[in-house]
Amino acid sequence: AYGLISSSLAIAAGLLLMGLPWTFFEAADVTSFHLALLLIPSTFFSLVFLQLLTALHEFRWFAAMSVLNGLSFLLLALVFVGYLSLDVQGALLACLLKQWLVVVAIVLLFRWKYGIKLVRPSLLKMTETFCYGLRYQVGQIANNANVQVGTIILAIFATRVDVGYMAVAAQ
């Protein structure tokens with residue numbers, strides 16, 4: 001749900017920016033920009049679904065889907081750019097289609113291997129997921145603060161150069 005919301009906001013922001021009188025947006029065809037905006041949710045979902053495979057320790061399937069990802073892009077780009085001469089729009093369309101192909105393949109894999117079915121989202125489950133995500137983000141912020149506390153304390157007593165060396169060494 002969060003990916004869909006953030007992708008929708010990013011697309012809305014992109015459409016708003018495209019409406020502004022900037023010469024940057026006049027440099028290419030409007031259709032190319034629209035296809036590029038559609039890449040936002042497809043990129044997000046394809047990356048999330050690929051990461052789900054690694055989270056489930058399905059490394060062989062991750063490798064297979066990664067090969068499918070690259071091979072399908074190559075074939076689609078050859079068709080759209082090479083054969084149909086669609087240029088930039090063809091490359092964007094190939095990228096868009098290969099990402100959704102990977103998402104559909106992974107969903108079908110999950111359905112076959114784990115019996116997972118697509119269900120209608122409920123407000124209760126979305127609230128539970130949001131609360132979990134909120135706790136996770138607070139934990140991430142606390143972890144980052146804990147890791148950086150040494151640099152912050154050093155910044156009180158040391159020079160900028162020393163803090164820079166400490167920050168680089170800590171990484």
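Colleague: How many disulfides does a search of the whole structure find?
Modeller: The search finds zero disulfides. Please keep in mind that this is a predicted model.

Colleague: Is C95 buried or exposed?
Modeller: C95 is buried, because its relative accessible area is 17% and the limit for buried is under 20%.

Colleague: And C131, what is its relative accessible area?
Modeller: The value for C131 is 34%, so C131 counts as partly exposed.

Colleague: Let us go inside. Which residues form the largest nonpolar core?
Modeller: That core has 11 residues, namely F45, F49, L50, L53, M65, V102, V103, A105, I106, L109 and F110. Helices α2 (30-55) and α4 (87-114) each supply at least two residues of this core. The largest share, six residues, comes from α4.

Colleague: What does A105 touch, leaving aside its neighbours within four places in sequence?
Modeller: A105 is in contact with M65 and L68.

Colleague: I noticed a serine, S46. Where is it, and is it buried or exposed?
Modeller: S46 is placed in helix α2. S46 counts as buried, because its relative accessibility is 7%.

Colleague: Which residues does S46 touch, not counting those up to four places away in sequence?
Modeller: S46 touches Q99 and V103. V103 is also one of the residues of the largest nonpolar core.

Colleague: How far is S46 from A63?
Modeller: Their C-alpha atoms are 14 Å apart in space, and the two residues are 17 apart in sequence.

Colleague: Changing topic: how many salt bridges are there?
Modeller: The count comes to two salt bridges. One is formed by E58 and K113, with the closest N and O atoms 3.0 Å apart. This pair links distant parts of the chain, since E58 is in the loop between α2 and α3 while K113 is in helix α4, 55 residues apart.

Colleague: Are those two residues buried or exposed?
Modeller: E58 is buried, because its relative accessible area is 12%. K113 has a relative accessible area of 39%, so K113 is partly exposed.

Colleague: And which residues form the other bridge?
Modeller: K125 forms a salt bridge with E128, and here the closest N and O atoms are 3.8 Å apart.

Colleague: Why are K125 and E128 separated by about one helical turn?
Modeller: The reason is that K125 and E128 are three residues apart in helix α5 (residues 123-157). E128 itself is partly exposed, with a relative accessible area of 42%.

Colleague: What about the outside? Which residues make a nonpolar surface patch?
Modeller: V67, L71, L74, L75 and L78 make a nonpolar surface patch of about 470 Å². L75 has its place in helix α3 (residues 59-83), and L71 is found in helix α3 as well.

Colleague: How accessible are L71 and L75?
Modeller: L75 is partly exposed, with a relative accessible area of 47%. L71 counts as partly exposed at 46% relative accessibility.

Colleague: How far is L71 from K98?
Modeller: The C-alpha atoms of L71 and K98 are separated by 8.8 Å, and the residues are 27 apart along the chain.

Colleague: Now the backbone. What is the phi of S85?
Modeller: S85 has a positive phi of about 55°, although S85 is not a glycine. S85 is found in the loop between α3 and α4.

Colleague: Why would one remark on that?
Modeller: Because most residues other than glycine have a negative phi.

Colleague: And what about D87?
Modeller: D87 also has a positive phi of about 55° and is not a glycine. D87 lies in helix α4. With a relative accessible area of 54%, D87 is exposed.

Colleague: One last item, S6. Where is it placed?
Modeller: S6 is in helix α1 (residues 2-18). S6 is partly exposed, with a relative accessible area of 40%. The C-alpha atoms of S6 and P41 are separated by 8.5 Å, the two residues being 35 apart along the chain.

Definitions and conventions
Residues are numbered from 1 along each chain as its sequence is written. This is a predicted model: local features need pLDDT of at least 70, side-chain atom pairs count only at pLDDT 80 or more; totals for chains, interfaces and linings use all residues. Side-chain values use heavy atoms; hydrogens and water are left out. Patches are made of residues with over 30% relative accessible area and no salt bridge: like charges are joined within 9 Å, nonpolar side chains (Val, Leu, Ile, Met, Phe, Trp, Tyr) within 5 Å. Accessible areas come from the Shrake-Rupley method with a 1.4 Å probe; for residues, only the protein chains shown count as cover. A salt bridge is a side-chain nitrogen of Lys or Arg within 4 Å of a carboxyl oxygen of Asp or Glu. Helices (H or I, at least four residues) and strands (E, at least two) are DSSP runs, numbered from the N terminus. Buried means under 20% relative accessible area, exposed over 50%, partly exposed in between (1.4 Å probe, protein chains only). A disulfide is a pair of cysteine sulfur atoms within 2.5 Å. A nonpolar core is a set of buried Ala, Val, Leu, Ile, Met, Phe, Trp, Tyr and Cys residues joined through side-chain atoms within 4.5 Å. Contact means heavy atoms within 4.5 Å.
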